[in-house]
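Let's take a walk through this structure together, one stop at a time. Have a look around before we start.

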Amino acid sequence: MAVITAEPQQPDLREAKGWRRTKNRIMTILMVVSFILVIIPLGFVLFTVIAKGASVISWSFLTSGPIPGIVAPAGVGGMGPAVLGTIEITALAAVMAVPLGILGAVYLNEYGGKNWLAAFIGFMSDVMTGVPSIIMGLFIFTIWVLHFGLSGLAGAFALGCLMLPIVIRSTYEMLRLVPNSLREGSYALGATKSRVTVTVVLPAALGGIVSGALLAVARAAGETAPLLFCIGAASEVNKNVFSGANTALPSQIFANANQPYVGAQDRGWGAALTLIALCFILMIVARLVTARFARYSR
Amino acid sequence: MENPEQNSLADLQAIPESAPRQKVRLPEPAALREPEQADVGTGAPVFELKDVSIYYSSFRAVTNVSLTIYKHQITAFIGPSGCGKTTVLRTLNRMNDLIAGARVEGEVRYHGEALYGKDVSPIAVRRRIGMVFQKPNPFPKSIYDNVAYGPRINGIRGKSELNEIVERSLRQAALWDEVKNRLGASGLSLSGGQAQRLCIARTLAVEPDVVLMDEPASALDPIATGAIEDLMQEIKNQYTIVIVTHNMQQATRVSDRTAFFSVLVNPESDTRTGTLVEYNQTDRLFGDPQDDRTKAYVTGRMG
């Protein structure tokens, strides 16, 4: 017969001691350290750019032209042509890549299923994500710029090629998260597939789709390499994004920052701060818009 | 729009409106019928299934189902898990078409028309045969837009007409009083029972001929369940209802007829296939089950 040993024990509700607790502590510390490590360079970048660029920024720096030569002292001319060029080229790239990317992702997730075409497109878009941006620039240079000359449009093509796979991938992941029960609910009311997609699936995924598209836009807005081949280096405002050399903020940062002249370096910092601010404003606006559309998803 | 049968929205091939309206006596020996049950089995057949088997790719999920579902009755499907009752239910409005590899063999007739016929559009079928799912699945839209969704995709745009439909459907689903002051609120802000009634209202808004319910109350508390059961009784003179339930008390409370499904285990391949064991008027199926498996199940000795 087994002997019943224990008198009823007080339950020990304190945190377990030993290896388990140590492990827990180590992991917590690791996470905090990782967070700090991530935050330091981010904060440092922001701090440096603001510290060095803020003094240059003025209304005329943002809006007026022409862009002065590299030897000009600080305070002469402005980045107006580059600000306009960045906005035009990035917007044009987004207009081309975002709808195409979203439609592509809709095909992959809603229509393609497991067929070979969908698998092939999905695979190629993943491959495309890994293509270095300078290769995209070279590609557009070869097939477009050599025939039609430098233009903002060529830059938009290159940036669009960069954005496309990011938009496809992020949208695809968002569509996959839409619960199937919503699709079935719509089908059960006699909706066609296109109707289900447009009225239920896309609205349900809208917030994530917008976030993904924004990441792609922000990444493209900061690309320098593809623009070098495609848009040239105009110093005057070129309002026609479809023809003639243009310029953009990343190109100006690149052109000014590697100069020995203080005025040029200051303009480089100013352009950097302007670019960051543009992306930031874009993010905020898009968040507000999305929050308005997605108010029923809570 | 007053009679679901005349729902002009569907372009399902001409459904013979006259023939099935004759009263059909059920093929049952009169001697077995107790007097108070005599009236239950009348009405035109809505669905007729003959030797139906359902496959997912090569796997046979359900086999050998033959039954007739009658107009303006509540028909319950009961049985243990994995017996194929939901699969059969989803066959009735071609929801299984959405699953790759799903295939139906045998004959499924809807008002005499072959439901899986060559020219039949599943979209048209589903406009007439609505479905309420096990888990409430309101769309991430406002309460109003949830209910107006079906009418809108059927081309109804008029504001006053939509208002009318929304109010009527929400009233039918016994939800109107709770939400009438916040029709603009998100459908996802409702509690589970309210959300399920919203889904029922959404289904009723397109005035279907048949409402299929897949365990509509399994996620709800007894009060919400009671509300939905009452609601089924109220709408059954306008709609034909088929309900899958795990809850035998629910089947006895709400249904006119009950089909008991069970599982056949194939010991060689270790696969399970659902089949229809017994189908009868509800009080007869529970009161005097003919098959031993039914008897064991309804008396609680199995499943």
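Is Cys199(B) buried or exposed? Cys199(B) is buried, at a relative accessible area of 2%, where buried means under 20% and exposed over 50%, with partly exposed in between (1.4 Å probe, protein chains only). Cys83(B) is buried too, at 0%.

Before going on, some ground rules: this is a predicted model, where local features need pLDDT of at least 70, side-chain atom pairs count only at pLDDT 80 or more, and totals for chains, interfaces and linings use all residues. Residues are numbered from 1 along each chain as its sequence is written, chains are lettered from A and ligands numbered from 1 in the order in which they are written, and side-chain values use heavy atoms, leaving out hydrogens and water.

Over in chain A, Ala158(A) sits in helix 6 (residues 152–177); helices here are DSSP runs of H or I, at least four residues, numbered from the N terminus. Ala158(A) is buried, with 0% relative accessible area. Setting aside neighbours within four places in sequence, its contacts (heavy atoms within 4.5 Å) are Met136(A), Gly137(A), Ile140(A), Pro226(A) and Cys230(A).

Pro226(A) turns up again beside Ser133(A), which also touches Leu162(A), Glu223(A) and Ala225(A), not counting residues up to four places away in sequence. Ser133(A) belongs to helix 5 (residues 133–148) of chain A and is buried at 12% relative accessibility.

Key: Helices (H or I, at least four residues) and strands (E, at least two) are DSSP runs, numbered from the N terminus.
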